Structures are given as structure tokens and as C-alpha cells.
Amino acid sequence: ELDLHIAQSGLLTLLPGGRTLQDILNAQLIAAGVPVLLSGDTNAVAGGVIGSNSKSAYAQGTLHLTDTVDFTLGARYQKESRTVSRSRFGLLSPIDGSEIPLLQFDPPKLDTTQFSPRVALQWKPSDDINVYTSFARGYQSPTYNAVNFFSPPDPVKEVKVDAYELGIKAQVPDLALQFESAVFYSDESNITSASVSLTSGGLARFDNGGSAGVKGIETGGAW
């Protein structure tokens, strides 16, 4: 559960343009047709409860193609539902601190099905050398911006990442030396970006961007 309490001092904070947060919120309340306006002696509250139900299955196996070559295949299947309850914006009573609801929201459920394969090929020409390549897909599940003052919590789409890697691990026992090196590339879609939003109470608000790629080389060793 995520609740945000905005104290009187926060409502009266002067923002660029000469207006306070209270002025901006009151303008939005008027536009939403809410007759009760914020004043200097009230506190505001907004929030919601994110619930998640997930079922998944996973399997992986390795096939020894030859004495030196192994082929690995794995997969994960996941079905997930995410909801938001008690999504609202309201005031706290200055008398007893109880919550006075102004706006309540009932956003639709988010359902997602994800299939995440993994494929790897490994070649061991000797006991001291291991050359491998792999592909794997992963997901970051969709979610909501739980704190929205004047509109239902909007969803943030799932992020999908395809990762590729080619590497080698080797050791030279006579020299007590071991090293490893890999080149990798990741392709990410629906990337998540964050910005600070007044209508989210000054919290980070998440949105989906386009796509992005990450590539590089990683190397290390020990003697």
C-alpha cells in the first residue's frame, strides 16, 4: 500500500509562476467538479493498494551433443494479474484526522502472459577452456502509478529485454592464472522512464519510452 500525505506546509509551497501547490490542486478539483477545495488548514491524502497474483512454470535441460559440446534449452511461462484497490484522493479532517474522500477510482485489471526462453551452447575443447554463447529473454512486469490525484492510476507497460552473450573462460594451472571475457548485447523495448510529477504528489511518475540497446565487453582475471 502506498499512501501520500501532503501537509499544510507542502500545500502552501510557492512554485514557479507565483502559484502554490494548493492553487494548482484547487484548479484541478474545480475542473473535476468537486465542490470541496483545499485550504491552508487542511491536509491532503492520496494513494492505493497494488495487488498481484502470479502463476509460473519453469523447465531447463542440457543435451550433451558430443564429449565437448553441450546444448541447453530452458523456458519460463508466467501469467500475472495486477490490480489497484483503495485508489483515491481526499482530505484529512482537522478535527479527528479521519479521511474525507473526494475522488475514488476503480482502474481496470492488468493481465499479462510472458514466455521467457533461454538457449545456450557450450564448447569445452579442454578441461581448462570453456567457450559459450547464449540468448535469454526477460520481462519486467507491468504496474501502475499508484498515486494520481485527479484521474485513475494509469498503467505502465511491461518491459521486455532480449540478451545475447558470447564469452570464454579459461585457466592456466601452471601459472595459477585464470581469466574470462565476454561480449554482450541487450535489446530493451518499452523502457521505463521516470519524472517528478506534481499530480503524483511530487513522487516519481513512471512512463514507457521507446526502445534501447546496450552493448559492451567485460573482461577479468586473477593470478
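Let me start with N190. At 27% relative accessibility, N190 counts as partly exposed. N190 sits in the loop between β10 and β11, and β11 covers 192–196. N190 has a positive phi of about 60 degrees, although it is not a glycine.

A word on the source: this is a predicted model. Please keep that in mind throughout.

There is another residue of this kind. A176 is not a glycine either, and its phi is positive, about 55 degrees. Where is A176? In the loop between β9 and β10, with β10 running over 177–189. A176 is exposed, at 56% relative accessible area. The cut-off for exposed is over 50%. So A176 passes that cut-off with its 56%, while N190 at 27% is partly exposed.

Now the whole chain. How many helices and strands does the chain have? The count is 2 helices and 13 strands. The chain has 223 residues, and 30% of them are buried. Next, contacts. As for surface, the chain exposes about 13300 Å². Carbon and sulfur atoms supply 56% of that.

On to a helix. Helix α2 spans residues 21–31. Which of its residues are buried? L21, Q22, I24, L25, N26 and L29. Note that Q22 and N26 are in that list along with the leucines and I24. After α2 comes G33. G33 has a positive phi, near 80 degrees.

Next, the aromatics. The structure holds 2 aromatic pairs. One of them is F135 with Y164. The ring centres are 5.0 Å apart, and the planes make an angle of 40 degrees. That pair is tilted, because the stacked class needs planes under 30 degrees apart and the edge-to-face class needs over 60. The pair links distant parts of the chain. F135 is in strand β6, residues 129–140. Y164 is in strand β9, residues 159–172. They are 29 residues apart.

Y164 counts as partly exposed, at 40%.

Now T112. T112 is in strand β5, which covers residues 110–126. T112 is buried, at 9% relative accessible area. What does T112 touch? Leaving out residues up to four places away in sequence, it touches Q78, K79, E80, P142 and E158. With E158 there is a polar contact between the side chains, at 2.8 Å.

Last stop, G221. G221 belongs to strand β13, residues 211–222. G221 is exposed, with a relative accessible area of 65%. What does G221 touch, beyond residues up to four places away in sequence? Q178 and F179. There is also a spacing to look at. G221 and Q171 are 50 residues apart in sequence. In space, C-alpha to C-alpha, they are 9.2 Å apart.

To recap the two strand residues. T112 in β5 is buried at 9%. G221 in β13 is exposed at 65%.

How values were computed:
Residues numbered from 1 in each chain as written. Predicted model: local features only at pLDDT ≥ 70, side-chain atom pairs only at ≥ 80, totals over all residues. Heavy atoms only, no water. Helix = DSSP H or I, 4+ residues; strand = E, 2+ residues; numbered from the N terminus. Buried < 20%, exposed > 50% of the residue type's maximum accessible area, 1.4 Å probe, protein only. Areas by Shrake-Rupley, 256 points an atom, 1.4 Å probe, with all protein chains shown as cover. Polar contact = N/O pair within 3.5 Å; in protein donor to acceptor, adjacent residues only side chain to side chain. Contact = heavy atoms within 4.5 Å. Phe/Tyr/Trp six-rings, centres within 6.5 Å; stacked < 30°, edge-to-face > 60°.
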